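Please consider the structure shown below.

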Amino acid sequence: MTEVVATNETILVVGGGISGMTAALEAAETGKQVVLVEKRPYLGGRVSQLYKYFPKLCFPTCGLEINQRRSKMNPNLTILTMAEVVDLKGEKGNYTASVKLSPRYVNDNCTACGDCEKAVEAQFDDEYNYGLGKRKGAYLPYRMAHPQRYVLDPRIIGTPDADKAKAACKYNAIDLEMSEEVVNFPCGAMIWATGWKPYDAAKIQPYGYDRIANVITSVEFERMADPSGPTGGKIVRPSDGKEAKSVAFIQCAGSRDRNHLLHCSRICCMASLKQCTYVSDAYGADADISVYYIDIRAIDRIEDFYEKVKAIQQVKFIKSKPASIVADKDGNPVVHGVDTEGYKRFANAHDLVVLAIGMEPSVDKDSFPVDIVLNREGFIEAAPENGGVFAAGSASDALDVNRAVQHATGAALRAIQVVNSVARAEA
Amino acid sequence: MSTNQAMVEKYRNNFLKEVEANVEEGEWVKMCMQCGVCSGSCPLGKFWDHPPQEIFMMIRAGKRDEVLTSSSMWMCTSCYNCIVRCPRELPITHIMHGLAHYAKRLGLVPQNQPTAKFAQLFWDNLMKKGRVNELKLGMALYFMNGFGEGVKVAMKNQKLGMNMMKTGRMNPMEILGGHAVKDLGGFHKVMKKAQELEDARIAKHGA
Ligand SMILES: Cc1cc2nc3c(=O)[nH]c(=O)nc-3n(C[C@H](O)[C@H](O)[C@H](O)COP(=O)(O)OP(=O)(O)OC[C@H]3O[C@@H](n4cnc5c(N)ncnc54)[C@H](O)[C@@H]3O)c2cc1C
Ligand code: SF4
Ligand code: SF4
């Protein structure tokens, strides 16, 4: 049975992405007791799945590493992975949370040697790579995963693979008896930092994501560009593995659209501009990059970045929201539309089309486990009715990392104010 | 003063306002964000003078004559591709028909615009008996561009006509007057009332 030491002066943070990690660490470093609950087997959230960060084009691993060090060093922080909040009772300053822990089947004896992975045979879609590759039934979610501990996929439990994994482990780290449990513990305030998920691209029917192999999403493209990703960093066509030099980016795929997401996802213009550099870095003068857009929303200091990308000769900007994408006989996706500047029709064939997919809240509007005020897009509103529950980062709006982290720091401060007033009342 | 001149006087430089007040669903025009999806989605778009997106921009730019005398809105076949894709949910098809209707009211339809001509034939045909007489409408359509042309088209479509007759879709006897709706008098009353309502609506907004 897992024990969680907590009081009504404890701050509970839900979601261990960059926002949740930031809020948890900021609070813990002021001396507050913090419990961080993360659904995945590791921390870092979607940032861990990016290749580079705009606007500086540095690697997100760097920022994540700093946060991981900070969390390892802090005795006030308890991290629960593969965990989800299922209920919250009580009121501001005096809540009881119920958290469901899913079994990892691997205990903390694990040294991440990887012997279990070699022993098992079953393979599954790799969710870290958005299904672009496969992983084994015993796996380390990604190379920098924190905690550095393997996971057994529940689908191999009860199969010979599970026994093979157990037999292969020299450290007695595999425990097939682990089972799901629910732990209840008190807390005074809660920070909800559950982040975002990519909009389901198949719902944008005319773009053929579900029919055309060479139409992919921007999140998949991040994995493709990463040297540790499923293609070893090669930008290729999924249909035949050939180099993809002519790449089209389609902006507002699912965003700013009353048939899909109402809001502007804010980061996808910048994400595509960044991804233009992936293509031009890979293919230089041979690259042929087209960005189809309604308007480019690169705000304040990141406008400079837009100017930089505009100066790359291989990048063309076409002011048009394409009407449809169809595949020609060679599997080339052909983008059809009318150019707003001159109202000319076009039908342009590319090697690869990347849909700059919109961001929607990761927690479904209708199944939020706690009482909370949501706006019509499903993001969390700052409202007095929320009591001691605060949002941090992209659970509150479509935000880039810079803004998400600032927002998370603000949320930490609000939570600290709540638990401080509990402490004062009890003194 | 013609209705057209009266409208020019009334709305002066604000064609958008004129459209909002007088064209069916015209108040939606300002919601267009010029994304271009409608133009790219129109299956007949390449035959239009100006795709819908451009028409909406022209309305906002006050290009009154170019818009109202354009053949674009007459080219709309009501396929609804644009409506289902427009990210702002503009009722584009309806606006196109609204513009066509308004241009017709003002007498600005281009001479010999085939869709406008057909629409008139259809209307006249319908008004007589309260139902469309396929045979007469078909004949009128064939001879729309003169006698010689009509015979040619009729010959070409001979097989189609024969098949329609065989399957009971068209009755050759309809050429002799043709049958009417049950209560033709009632039908004409309904149409008269509708015309009155429409006239009152126009009087309210119009000159
Ligand atoms: C294609 C693309 C490229 C991008 N590139 C950049 C860039 O270059 N620079 C930049 O600044 N921003 C970029 N962004 C935006 C960036 O990804 C977000 O700003 C960032 O992920 C926000 O972090 P977060 O912690 O708020 O949310 P997330 O990263 O989504 O983290 C949320 C965490 O909560 C967990 N969680 C979810 N639900 C639950 C639950 N019920 N219980 C427990 N845990 C839960 C998730 O597993 C996850 O770990 C990009 C976005 C896209 C789409
Ligand atoms: S950020 Fe750009 S691509 Fe994304 S929704 Fe907004 S305008 Fe569209
Ligand atoms: S699809 Fe809608 S918003 Fe886009 S140009 Fe056409 S009318 Fe305007």
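Two strands are counted as paired if DSSP finds at least two bridges between them. Strands (E, at least two residues) and helices (H or I, at least four residues) are themselves DSSP runs, numbered from the N terminus. The structure is a predicted model, in which local features need pLDDT of at least 70 and side-chain atom pairs count only at pLDDT 80 or more, whereas totals for chains, interfaces and linings use all residues. Residues are numbered from 1 along each chain as its sequence is written, chains are lettered from A and ligands numbered from 1 in the order in which they are written, and side-chain values use heavy atoms, with hydrogens and water left out.

The description begins with a sheet in chain A. Three strands form an open sheet in the order β4-β5-β10 (chain A), and their pairing is antiparallel.

The pairing can be followed residue by residue. Between β4(A) and β5(A), which run antiparallel, there are 8 bridges. Ala83(A) stands opposite Leu101(A) in β5(A), and Leu88(A) has Ala97(A) of β5(A) as its bridge partner. The hairpin of β4(A) and β5(A) has 2 residues between the strands, and in this hairpin Gly93(A) takes a positive phi near 90°. Strand β5 (residues 94-101) of chain A is also joined to β10(A), again in antiparallel fashion, by 7 bridges. Here Leu101(A) faces Glu181(A) of β10(A), while Thr96(A) stands opposite Pro186(A) in β10(A).

How is chain A divided into domains? The division, with bounds that come from an automatic or database domain assignment, gives domain 1 (11-102 + 180-195 + 362-426), domain 2 (115-168) and domain 3 (199-359). The centres of domain 1 and domain 3 of chain A, taken over C-alpha atoms, are separated by 32 Å. To their contact (heavy atoms within 4.5 Å), domain 1 of chain A gives 18 residues and domain 3 of chain A gives 23 residues.

The size of an interface is often given as the accessible area lost when the parts come together. Buried area is accordingly the accessible area (1.4 Å probe) that two parts lose on being put together, summed over both. Between domain 1 and domain 3 of chain A about 1800 Å² is buried, and carbon and sulfur atoms give 62% of this. Across this interface of domain 1 and domain 3 of chain A there are 2 salt bridges, a salt bridge being a side-chain nitrogen of Lys or Arg within 4 Å of a carboxyl oxygen of Asp or Glu. The count for domain 1 and domain 3 of chain A is 6 residue pairs in polar contact, both residues at pLDDT 80 or more. A polar contact is a pair of N or O atoms within 3.5 Å; within protein, one must be able to donate a hydrogen and the other to accept it, and residues adjacent in sequence count only if both atoms are side-chain atoms.

Salt bridges within chain A include that of Arg266(A) with Asp397(A), whose closest N and O atoms are 3.4 Å apart. Asp161(A) and Lys164(A) form another, at 3.8 Å between the closest N and O atoms. These two residues, Asp161(A) and Lys164(A), are 3 residues apart in helix α4 (residues 160-168) of chain A, and therefore about one helical turn separates them. Over all chains, the count comes to 34 salt bridges.

Chain B has 12 helices and 0 strands. Its C-alpha trace spans about 55 × 40 × 30 Å along the principal axes. The domain assignment of chain B gives domain 1 (3-109) and domain 2 (114-197), with 29 Å between their centres, taken over C-alpha atoms.

Finally, the two chains meet: 21 residues of chain B are in contact with 16 residues of chain A. About 1500 Å² is buried between chain B and chain A, of which carbon and sulfur atoms give 52%. Across this interface there is 1 salt bridge: Arg258(A) pairs with Glu89(B), the closest N and O atoms being 3.2 Å apart. Between chain B and chain A, 11 residue pairs are in polar contact, both at pLDDT 80 or more. On the side of chain B that touches chain A, α3 (37-41), α4 (52-60) and α6 (81-85) of chain B each supply at least two residues, and the largest share, 4 residues, comes from α3(B).
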